[in-house]
Amino acid sequence: MRALLVLTLFLIAGAASAENSITEYAKACEAEVGPLPAFSCKTGVPVPITVNGNPVTEFKSHMECDRPALLPNGDESDGQCVPHSRILDLSTEKLQISAMCRQKMIRAPESTSYDEIDVIAHNPATGATCWFQAKAEVGAVIDGENVASPTEARDTKFWKSPEDVADDGCGNCHDNDPFMFSPFVGQVWGAVPVNPMGAYFHVGHKFGFGEWPTKTMNLRDNTCLGCHRIGIRETCGNLTDWMTGHKIPEGADAWARNFPATNAMPPEHGLTMPAWITVQKRSVDQIRSCCADPDQPQCQLTELPRY
């Protein structure tokens, strides 16, 4: 009986701790970034799935496509070419807010059930950035029709705790700036706010966000850094290789395995392979060298700017 009482008190304390954590983080984000709106995923822009440049009307599990999602969908999913994910630009005059309603399983286009909902909220004036995530358990779904405001609802049954979000490592991939380009997301890039050189820091270090990388390269005369920063975590890893033809992402079809699709940076460059090599290869080699050994003097690692 005593053991049952202790267990009950432990579970209650854990739930209260999670609720307090989410509430505190929501308050901090509202103060640093601003109040975030409620929204409906069905108003978002669908991310297309194409094969050999043509829209797909019939989908199958683990199919290949031109621009597979680079963010892993997991072993239990239908692969990297799942249709009907949606992206919403919820930005205001002062705030940049992007929401993505992710489909990891094949569902009807009109479905409002999703596997994950992610919100990035960024204050471009100060660089303050907050991250909110709702993620369904395996075999369950998230209702994306009426998504509560992350800063007002503070629903521990919907939005995950900041500790869980930190553990999921969003900032490891978004190590350049809040909004990251990929060929998948780039198809609807007009629906994504951008701030590639602005101030950038994570709100809520006490919840674990201090573990995310905050340093970027400061290479001289590098064509890539003329458009965006190069972070030292995921941008230095798979992202650089995927964007420059050194590695093929999971789910890529024949079209995606050949130039120019293999060399997605810079976007829509329109170059021939010899021209791309002439213009970009030296810069890419320099970046990959610094990724392998960031202590080289030429790499000049610097902290992301704040304010």
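A disulfide is here a pair of cysteine sulfur atoms within 2.5 Å. The model is a predicted one, in which local features need pLDDT of at least 70 and side-chain atom pairs count only at pLDDT 80 or more, while totals for chains, interfaces and linings use all residues. Residues are numbered from 1 along each chain as its sequence is written, and side-chain values use heavy atoms, with hydrogens and water left out.

**Exercise 1.** Determine how many disulfides the whole structure holds and how the bonded cysteines pair.

*Solution.* Step 2: with the bonded cysteines numbered in sequence order, the pairing reads 1-6, 2-5, 3-4, 7-9, 8-10.

**Exercise 2.** Describe the disulfide of C29 and C130.

*Solution.* Step 1: the two sulfur atoms lie 2.0 Å apart. Step 2: the angle about the S-S bond is -105°, a left-handed link. Step 3: C29 belongs to helix α1 (residues 2–32) and C130 to strand β8 (residues 128–135), so the bond ties together parts 101 residues apart in sequence. Helices (H or I, at least four residues) and strands (E, at least two) are DSSP runs, numbered from the N terminus. Step 4: C29 is buried at 1% relative accessibility, and C130 is buried at 0%. Buried means under 20% relative accessible area, exposed over 50%, and partly exposed in between (1.4 Å probe, protein chains only).
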